[in-house]
Amino acid sequence: MSGNGRMESIIVTRDLRKEYVMGTETVHALAGVDIEILRNEYVSIMGPSGSGKSTLMNMIGCLDSPTSGEYVLNGQAVQDLSDDNLARIRNREIGFVFQTFNLLPRATALHNVELPLIYAGVSSRDRQRKAAQALEIVQLADRMDHKPNELSGGQRQRVAIARALVNDPSILLADEPTGNLDSSTSEEIMDVFDTLHENGQTIIMVTHEYDIAARSQRVITLVDGKVEAQMSVDYYLARGLKQPTAAPVAADPPTSPETTPAPAPAGEPAPAPEPETASAPEAAPEPTAPREVAPSPTPEIAPSVPPPTAAPVDPAPPEATPPAPGTPRPISNPWAPPTTPPMDGGR
Ligand SMILES: Nc1ncnc2c1ncn2[C@@H]1O[C@H](COP(=O)(O)OP(=O)(O)O)[C@@H](O)[C@H]1O
Ligand SMILES: [Mg+2]
């Protein structure tokens, strides 16, 4: 555990649950999650497809509210907040990075990064200055006027990171940030995260890949909506080394509790509408981005994780199937303003 000497919790959840009612069936997407994350920690969340990783990220990011349980963010009990206050917290405390970048396709990099500041009511001059600074942090100062289709996949993701950082959030949440990137571009993005973490940023990242998780400090594994294990990344990798390199992507049930990322549990209900893909403004399709399906070969670090199911990493299209009637929808635009504007016009 690190935390620059300070052991201050930034996130605490207690018995966090999220249920989706799908016809006659209830999906327990989160089935009682207790986690604690310290300020300046860098945590990976791993687990098979459908294990609740994105649902947990959406709860942590206040994009959606739990069915029950407690969530304390920065000392504040989130479950007690009104929707407007939640929207403000989301805008000021949380930075999101998604697998599909979710940039506005017709807007320049600078304008994309300005977006959360527009919603926060920041003046145009300050917005441009802050957005330019954020783009400098991700080393894209020379690409500010480029639109997403004039940028590489890695550059697009760096724009998305700049957008996530522009409000100086307490927490950076990244849901499979390298899922659409090839391995060298993934490294480039992980280097950005390393630098942010060194500069004090708290980061929570969902990933399927050992060598990506290896860049964090701690790994939380989810299975069936519950925390299966929490361990330091060193311990996690040591455990991972016990796995056979070419583990079969079996339809068999998970073999032993020793092997961590098991294939998706059998008896999983209908395919997951992916919250992260449903939750962004004008998700830009990324037809040219190469997809790294096979994890990169770094056996000296850890064997590859078998793809959790036959499907590649969460390939749901941006327009996900709508949830069942009566199911509260996740927030569709994390940067959207509260329904009533803040009195002070933002910070
Ligand atoms: N909006 C939704 N409506 C109904 N079921 C959902 C919804 N979002 C997620 N689920 C279900 O919740 C479970 C966890 O999903 P998710 O958090 O997306 O998993 P992961 O990100 O680990 O792949 C899955 O069984 C999925 O089908
Ligand atoms: Mg997911």
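1. Basis of the note. Residues are numbered from 1 along each chain as its sequence is written, while chains are lettered from A and ligands numbered from 1 in the order in which they are written. Since the model is predicted, local features need pLDDT of at least 70 and side-chain atom pairs count only at pLDDT 80 or more, whereas totals for chains, interfaces and linings use all residues.

2. Overall make-up. The protein has nine helices and ten strands, where helices (H or I, at least four residues) and strands (E, at least two) are DSSP runs numbered from the N terminus. Of its 347 residues, 47% are buried; a residue is buried if 20 or more other C-beta atoms lie within 10 Å of its own, exposed if 12 or fewer, and partly exposed in between, with C-beta atoms placed from the backbone. Among contacts (C-beta atoms, placed from the backbone, within 7 Å) between residues at least 6 apart in sequence, 78% join residues at least 24 apart.

3. Leaving aside residues up to four places away in sequence, Val-113 touches Ala-131, Ala-134, Leu-135, Val-159, Ala-162, Arg-163 and Val-166.

4. The buried residues are Ala-109, Leu-110, Asn-112, Val-113, Glu-114, Leu-115, Pro-116, Leu-117 and Tyr-119, and they pack against α2 (83-93), α4 (124-137) and α5. After α3 comes Gly-121, which has a positive phi, near 80°.

5. α3 against α5. Two packed helices are described by the angle between their axes and the distance between the axes. The axes are lines fitted to C-alpha atoms, for helices over the stretch in contact, and angles run from 0 to 180 degrees between N-to-C directions. For α3 and α5 the angle is about 30° and the axes are 7 Å apart, which makes α3 roughly parallel to α5; angles under 35 degrees count as roughly parallel, over 145 as roughly antiparallel, 65 to 115 as roughly perpendicular and the rest as oblique. Here Ala-109, Asn-112, Val-113, Leu-115 and Pro-116 of α3 meet Val-159, Ala-162 and Arg-163 of α5.

6. α3 against α4. These helices pack at an angle of about 120°, with their axes 9 Å apart, and are therefore oblique to each other. On the α3 side the contact involves Ala-109, Leu-110, Val-113, Glu-114, Leu-117 and Ile-118, and on the α4 side Arg-127, Gln-128, Lys-130, Ala-131, Ala-132, Ala-134 and Leu-135.

7. α5 against α6. Helix α5 (residues 153-165) packs on helix α6 (residues 183-198) at an angle of about 20°, with axes 9 Å apart, which makes α5 roughly parallel to α6. Gly-153, Gly-154, Gln-157, Arg-158 and Ile-161 of α5 make this contact with Thr-185, Glu-188, Ile-189 and Val-192 of α6.

8. Two buried residues. Ala-134, found in helix α4, counts as buried because it has 28 C-beta neighbours inside 10 Å. The C-alpha atoms of Ala-134 and Val-159 are separated by 8.7 Å, although these residues are 25 residues apart along the chain. Val-97, in strand β6 (residues 94-98), is likewise buried, with 27 other C-beta atoms within 10 Å. Beyond four places in sequence, Val-97 touches Ala-160, Ile-161, Ala-164, Leu-172, Ala-174 and Pro-177.

9. An exposed residue. Asp-145 lies in the loop between α4 and α5 and counts as exposed because it has 10 C-beta neighbours inside 10 Å. Asp-145 and Ala-109 are 36 residues apart in sequence, yet 6.0 Å apart in space, C-alpha to C-alpha. Leaving aside neighbours within four places in sequence, Asp-145 is in contact with Thr-108 and Leu-110.

Note on methods: Two residues are in contact if their C-beta atoms, placed from the backbone, lie within 7 Å.
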